[in-house]
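Please look over the sequence and the model below. A short report on the fold follows.

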Amino acid sequence: MRQKESGRRLFLLSGAAVLWMAAPARAGDQLDAGGLTFLDFATRDNGASFQRGDAIIAGGPNQISSRVLGVENGKGLARIRFDQVRITMAVPLGWQATEDWERAIAYSSDKRYRLVVWRVDFEFEGVKDAEHYASSKGGAIQSRRPGVKAQARKLGDGTYLVVFENVPKGQGDAESRTVFDLVIPQPGNPKLGVLMTLGVPTSDAGRGIKLFSLLRENMKIDW
C-alpha cells in the first residue's frame, strides 16, 4: 500500500524548498494521547483481523504478513513485529499489518487510518540530518502542492513532527486527509533514522494525533 501523501522520497530530490522549524522545542513539548487508549480505536476481536489477508492492499509480490507477538484484548491492542524494518509496535485490534523489503504497513479495517514506517538514510535522501529532512519534506510538498499546508516542529525528545493539512483524498477516500510525520533520529548516528507516517481523514485529525501519540509510545526500534 503506497500512500500518495507519505512517500518517503516523494519530493525531497525535486526541489530545494525548506519549511522553517517553529519555536524551539520545550521539554514538555511532546505528543499527547489526551487520555485516549487503544480501546478507543479498536475492534476487540482477539486479534482475528491479523490473520486475514487483503488482496487489494497487500497484493504486491514482496508483501508478507507481519508477526503477531501477542494480543492484549483488554487493552485493545496487538503487538506486531515488523522484521524488515526491525521495529515492534502496538496497533489497535481490528487492524491489519503487513510489510515489504523497506517498510512496515498497518491500517484500520475501513482503511481510513493508514500507517507506514520506514528506515531513513538521510544522506541518501539528499539531506544532512533529521531536522533537515523534516523541514525539506514539508517545504517541498507545499511547493509542489500549493493547497497543502505543512508545519514542522522539534519535540522535546529530539524527534521532529510534521503535520500536513488539506492533503488531497486518494482513491477510496471520502474526504481530504491530514497526515502526521514523525522523524526519529538514531541515537548517536544523526545520518540515520526512522520515519513514522499516519494518514487520517481531515475530520478525524484531532483523534488521529492522539492515536499517533499512542503508536509512538508503544514503538520499540532495534537500532
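## Overall make-up

This is a predicted model. The protein chain holds two helices and 12 strands. Along the sequence, the elements run β-β-β-β-β-β-β-α-β-β-β-β-α-β.

The protein chain has 223 residues, and 50% of them are buried. Its accessible surface is about 10,300 Å². Carbon and sulfur atoms account for 50% of that surface. Take the contacts between residues at least 6 apart in sequence: 62% of them join residues at least 24 apart.

## The eight-stranded sheet

Eight strands form an open sheet with antiparallel pairing. Their order is β1-β5-β6-β7-β11-β10-β9-β8. Strands β1 (64-65) and β8 (149-154) stand at the edges. Each has a single partner strand, so one side of each lacks a neighbour in the sheet.

Strand β9 (residues 160-167) runs antiparallel to strand β10 (residues 177-186), and six bridges join the two. V163 sits opposite F180 of β10. V167 has R177 in β10 as its bridge partner.

How enclosed is β10 by the rest of the structure? Nine of its 10 residues are buried, so β10 is largely enclosed.

On its β11 side, β10 pairs in the antiparallel sense over 10 bridges. One example joins D181 to T197 in β11. The hairpin of β10 and β11 has two residues between the strands. G188 in this hairpin takes a positive phi near 80°.

## Helices on the sheet

## Nonpolar cores

Which residues have the most contacts inside the largest nonpolar core? They are M89, L115, V117, M196, L211 and L215, in a core of 38 residues. A second, separate core has 19 residues, including W118, F122, A134 and A150.

## The loop between β6 and β7

S108 lies in the loop between β6 and β7. Is S108 buried or exposed? Its relative accessibility is 7%, so it counts as buried. A polar atom of the S108 side chain lies 3.3 Å from the backbone nitrogen of R112. Beyond its neighbours within four places in sequence, S108 is in contact with W95 and Y113.

K111 belongs to the loop between β6 (103-107) and β7. At 26% relative accessibility, K111 is partly exposed. K111 is not a glycine, yet its phi is positive, about 65°.

Most residues other than glycine have a negative phi. N166 is a residue other than glycine with a positive phi, near 60°. It lies in strand β9. The relative accessibility of N166 is 44%, so N166 counts as partly exposed.

E72 is placed in strand β2 (residues 67-72). Not counting residues up to four places away in sequence, E72 touches L77, R79 and L93. The C-alpha atoms of E72 and R44 are separated by 9.3 Å, and the two residues are 28 apart along the chain.

Conventions
Residues are numbered from 1 along each chain as its sequence is written. This is a predicted model: local features need pLDDT of at least 70, side-chain atom pairs count only at pLDDT 80 or more; totals for chains, interfaces and linings use all residues. Side-chain values use heavy atoms; hydrogens and water are left out. Helices (H or I, at least four residues) and strands (E, at least two) are DSSP runs, numbered from the N terminus. Buried means under 20% relative accessible area, exposed over 50%, partly exposed in between (1.4 Å probe, protein chains only). Contact means heavy atoms within 4.5 Å. Accessible areas come from the Shrake-Rupley method with a 1.4 Å probe; for residues, only the protein chains shown count as cover. Two strands pair if DSSP finds at least two bridges between them. A polar contact is a pair of N or O atoms within 3.5 Å; within protein, one must be able to donate a hydrogen and the other to accept it, and residues adjacent in sequence count only if both atoms are side-chain atoms. A nonpolar core is a set of buried Ala, Val, Leu, Ile, Met, Phe, Trp, Tyr and Cys residues joined through side-chain atoms within 4.5 Å.
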